[in-house]
Structures are given as structure tokens and as C-alpha cells.
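This report describes a protein chain from its atoms. The sequence and the model come first, followed by the text.

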Amino acid sequence: MKRYRRISAVTVLALTTLATGTGAGFAATTTPSATPVATQAFDTAPATATAPTRSFQGTLPAPTGPYAAGEDVIHLTDRNRLDPWVPSSGPRQLTVTMVYPAVPGTGTPAPYMTLAEAAGHIQQAKIPASSGITPQNLSSVTTHAFDGARPHSGKYPLVVLSPGFGDPRMVLTSLATDLASHGYIVALVGDTNGDSGETLANGQTPPCAICDDPTLDMDTVTASRALDVSFVIDQLTHGNTAWPLAHLINKHEIGMAGHSIGGAAAATTMIADPRVLAGVDMDGAFYPVPMPGQINRPFLMLGRAGVHSAGGGDLTWGQAWAALGGYKKWLAVTGADHPSFTDVDLLEEEAGFPTPPLDPERGIVITREYVTAFFDQTLKGIHSPLLDGPTPNNPEVLFQR
């Protein structure tokens, strides 16, 4: 089984027979002469060395539920744990985007990411200046989330989202805003020092310390993320000091979904933390594969056809399926590639890069509908016929088990 590694989406299209677990990666480019645009610490976002030949303006699809999506960014420090990737940096620091059901027409448009996070991602993904993608326009992608929006009163399940290896938390924004619009509190948790950059409370945005480590054991990555998630849940369910709106969370209804290594981390977190009642793996190999009896709670496996079909290239999916003991579904999406379950393919299409056979916006629609239906059924107790079997409106979605 190959390790999770960042590769371009173009490369992913050529490797659909391999059971890789790399993160989505924003740049779909084979241009070797990409111009770095960020300093080592990414504390600022310097301009590109050459003028872009096109202009990029990214827009994510609007949420589909009855609520608007409010957003807050919070910073948490686990003083009982050193950073696993850069211990010399001190206690583990996390940046978390909280997305919540909000009153329409309140708040101000939220940026996709900070300038420094955008600069770090451009450098990590080696996006060429000719793409027209700059820290300024990448950070200002339209998200349909609103900073400081007035929360809609009520109690809502909490869903934690974890991105692919090397990817910042923001690549799951389309899913986060839609879940919030359907009555969920969402926590997007970044992997500090383990992705292209998370802007911390002190304003620094450290680069990835592990992305190019050929000796990295992916089991340690999922174990670290499980510790991160449990800490975040602790902070969000014990008063409101971590987040002023924590009173909106129903702490008895918690789920987790992730893409790529983030999907594997959802399984690892469920094994370690019984508070997480339902999990979703979006197109990620399992590191490690759960053992029988370790997960007897609901789990959804949602991946691209071929690699993650029954009998496909990723053998860990069949092994995990056999071990899962609770309510479970295994769905494969025809025409999808690895980033289809994230914002990445749509933003690449808007930047003029090649995309997979599955229309990028359609990939987001499928991801939103099936993940929301799964959590509706498993956390809210609302039966969703969408999960009963194939439907005429979703011919791309193949039920494997």
C-alpha cells in the first residue's frame, strides 16, 4: 500500500488504479518551473515573481439548507501535549474553523483562508504564476460563510471535519457550510505543521514539517489527528471558553468525517473516543485498518469507483468493511477522482486546469447529499431514503454493499 503523498490532480487522474491516500492538493499542474511565492514561515504573502497570464476568481456553491452559515475561527492550545511534528515549538496549537447555523443576512463574508495560508498552499502545491492564482485571490474565494453571523437558536449535532494529508482545513469548506445550513455545528480542524499552513494565534503560519518525509508512518498521522480531535471535542463540550457559541452544541450527538488521511483518522478517532458516534471516510485508505469489534457504530465509506469499489485497488476498504460492526454503507462514485469530495476540483476548473470526468460541482453535490443524509440518519434519527439504495437522480453513486 502506497503512503499518502501530495500529488497533483492531473497525476491523480493518471493513477486511478492505485489505492493512494494522498491529500487533494490544490494545484493540478505538471509545470516544473513553478515560482515559489511565500517565505519560509509564511508570515506574510509576498507577490509572485512574474505577472499571471489569467485571472482566477473562485466561487464555491451556496449552501442548500434553510439556515445561513456563520463562521468563527478559534485557536486552541493543548498544554498537556507537545506538537508531534515539531516538538521544539512547544505545546500543540490548533486552528479550528467553526461553522454554524445562522440567521440569513447577518455577519460579513468570510475569507476562504488567510493570505499567509494561501501563500503556503500555493508554494506547497507548486502552483505556477501563469495560473493567475495568487494569495490575494485564493484567500478571497467566495465561501457563502459569514463572520460573526447571528446564530440561529437551538441545539445542534457537532461534526468534526479532517482534510487530506498536506491539505489545509479549508478544502472541506463546501461540505462544512452545507452541513451548517442543514442544522449542524461543524469544526474544521487543521493539522498544524502537518499541512501547507495554518495561521496560529500568534500570527505565524508554519509550513509542513512532514510532507516530504519518506519515513513517515501514516498510522502516527491518524493517531495524532485522533488526539487533536478528542482535545477539540473536550474544549467545545466543557463550557464556552473555547468558543462563545459552544452552548449550541448537543454534546451527545457527535460525528466525524474526513477526506483521504482525514477519513482514516475518522476511524482511528472512533476507536479511541466513544463520544464520536458516526464516521465517514471519503476516499481514504485506512491507516490502520480497524480490527473486528473496534468500531460498532455507524460508518460510511464514500469513494471513487475503481480504486474504492468492492474488489478495487485499495484492499484496506474490503478489510475495513469486514471489521465494521454497526450500521454501514459503502458507496463508489463513477467518474470521480481523489479531490472530487473536496473543493479542489471545482476551484481547479475555475482556474482553467483539467478536471475528472465527473463534473466538479456534481462531485460536491454528491458529497454534500450523502454525507448529510448519513449524519441525519445516524445523529438526528431522521431516515433518509437516499441511503436505501440506488436512485435515478444519482446514477453515479454505486452501492457496493
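**Basis and overall make-up**

This is a predicted model, in which local features need pLDDT of at least 70 and side-chain atom pairs count only at pLDDT 80 or more, while totals for chains, interfaces and linings use all residues. Residues are numbered from 1 along each chain as its sequence is written, and side-chain values use heavy atoms, with hydrogens and water left out.

The protein chain has nine helices and eleven strands. Helices (H or I, at least four residues) and strands (E, at least two) are DSSP runs, numbered from the N terminus. Of its 401 residues, 61% count as buried. Buried stands for under 20% relative accessible area, exposed for over 50%, and partly exposed for values in between (1.4 Å probe, protein chains only). Among contacts in the protein chain with a separation of 6 or more, 75% are between residues 24 or more positions apart; a contact is defined by heavy atoms within 4.5 Å.

**Helix pairs**

Helix H4 (residues 173-181) and helix H9 (residues 360-379) have axes that come within 10 Å and cross at roughly 45 degrees. H4 is therefore oblique to H9. In this scheme angles under 35 degrees are roughly parallel, over 145 roughly antiparallel, 65 to 115 roughly perpendicular, and the rest oblique. Axes are lines fitted to C-alpha atoms, for helices over the stretch in contact, and angles run from 0 to 180 degrees between N-to-C directions. The crossing of H4 and H9 is right-handed. A crossing has this hand if the near helix is turned clockwise from the far one by less than a right angle, and is left-handed if anticlockwise.

On the H4 side, Ser174, Leu175, Thr177, Asp178 and Leu179 take part, and they meet Ile364, Thr367, Arg368, Val371, Thr372 and Phe375 in H9. By class, the contact of H4 with H9 has five nonpolar, four polar and two charged residues. Ala, Val, Leu, Ile, Met, Phe, Trp, Tyr, Cys and Pro count as nonpolar, Asp, Glu, Lys and Arg as charged, and the others, Gly among them, as polar.

The axes of H5 and helix H6 (residues 261-272) are 8 Å apart, and the two helices pack at an angle of about 65 degrees. The crossing of H5 and H6 is right-handed. H5 contributes Met218, Val221, Thr222, Ala223, Arg225, Ala226 and Val229 to the contact, and H6 contributes Ile261, Gly262, Ala264, Ala265, Thr268 and Thr269. The contact of H5 with H6 divides into eight nonpolar, four polar and one charged residue.

| Residue | Relative accessible area | Class |
|---|---|---|
| Asp178 | 3% | buried |
| Asn193 | 7% | buried |
| Thr237 | 13% | buried |

Asp178 lies in helix H4. Not counting residues up to four places away in sequence, Asp178 touches Pro63, Thr64, Gly65, Arg368 and Thr372.

Asn193 is in the loop between strand E6 (185-189) and helix H5 (218-236). Its side chain makes a polar contact of 3.1 Å with the side chain of Asp83. A polar contact is a pair of N or O atoms within 3.5 Å; within protein, one must be able to donate a hydrogen and the other to accept it, and residues adjacent in sequence count only if both atoms are side-chain atoms. Beyond four places in sequence, residues touched by Asn193 include Trp85, Val86, Ser89 and Pro206.

Thr237 is in the loop between H5 and strand E7 (249-259). The side chain of Thr237 reaches the backbone oxygen of Ile233 at 2.6 Å, and a polar contact of 3.5 Å joins the side chains of Thr237 and His238. Not counting residues up to four places away in sequence, Thr237 touches Lys251, Ile254 and Arg275.

**Backbone features**

A cis peptide bond with omega of about -5 degrees joins Tyr287 and Pro288. Pro288 lies in the loop between strand E8 (278-282) and strand E9 (299-304).

Lys126 is not a glycine, yet has a positive phi of about 55 degrees. Lys126 is placed in the loop between helix H2 (115-125) and helix H3 (135-139) and is exposed, with a relative accessible area of 56%. His144, also not a glycine, has a positive phi of about 65 degrees. His144 sits in the loop between H3 and strand E4 (145-147) and is partly exposed at 25% relative accessibility.
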